[in-house]
Amino acid sequence: MRLVNDKLFRERPDGAVRLIGGYCAGCERVHFPQGDTCPYCSLSECTESELGPRATLWLFTSVLRPPPGYRGQVPFGFGIVELEQGLRVVTRLTEPDLAKLHRGMTMKLVISPLHTAEDGERVTTYAFAPEPTV
Ligand SMILES: [Zn+2]
């Protein structure tokens, strides 16, 4: 299994998935993806901060045709979620059926298959999945 970008997310040994963000001690805000320089106050001493796994769905759509260079399956969900840490991120969604998505629903960060590389290896990325309701 290969990650599409190993600087964006990680799977802990216990299977928990987290986005790799940055935390700025100067303004006490988090950002994603991680960067040494704070995008809000320009302080250059940010540290790593794991983000997720829960989020609230804000906006969503279903991508029906493959974007240029995209080798994965369509349709796929795409949208904006607000992480429990208060940060909104643009993300892939595991659910492409708009009837099964609604604004304000709880989503969970997961690792999702993206495509199979030329060498046959499966490439994965992060995505948000609807949290099963009890
Ligand atoms: Zn800052």
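**Strand architecture and nonpolar core of the predicted model**

Two residues are in contact if their C-beta atoms, placed from the backbone, lie within 7 Å. The model is predicted: local features need pLDDT of at least 70, side-chain atom pairs count only at pLDDT 80 or more, and totals for chains, interfaces and linings use all residues. Residues are numbered from 1 along each chain as its sequence is written.

Leu51 is located in strand β5, residues 47–51. Leu51 counts as buried because 24 C-beta neighbours lie inside 10 Å. A residue is buried if 20 or more other C-beta atoms lie within 10 Å of its own, exposed if 12 or fewer, and partly exposed in between; C-beta atoms are placed from the backbone. Phe9 is 42 residues from Leu51 in sequence, and their C-alpha atoms are 9.0 Å apart in space.

The protein chain has 10 strands and zero helices. Its radius of gyration is 16 Å, close to the 14 Å given by the globule rule for 134 residues, so the chain is as compact as a globular protein of that length. Helices (H or I, at least four residues) and strands (E, at least two) are DSSP runs, numbered from the N terminus. The radius of gyration is taken over C-alpha atoms, and the globule rule is 2.2 Å times the number of residues to the power 0.38. Along the principal axes, the C-alpha atoms fill a box of roughly 40 × 40 × 35 Å. Of the 134 residues, 22% count as buried. Among contacts with a separation of 6 or more, 46% join residues 24 or more positions apart.

The largest nonpolar core holds 17 residues, of which Leu19, Val81 and Phe128 touch the most other members. Two or more residues of this core come from each of β6 (54–63), β7, β8 (88–93), β9 (106–116) and β10 (122–130). A nonpolar core is a set of buried Ala, Val, Leu, Ile, Met, Phe, Trp, Tyr and Cys residues joined through C-beta atoms within 7 Å.

Phe76 lies in strand β7, residues 76–83. Phe76 is buried, with 20 other C-beta atoms within 10 Å. Not counting residues up to four places away in sequence, Phe76 touches Val63, Arg92 and Pro96. Arg18 is 58 residues from Phe76 along the chain, and their C-alpha atoms are separated by 21 Å.
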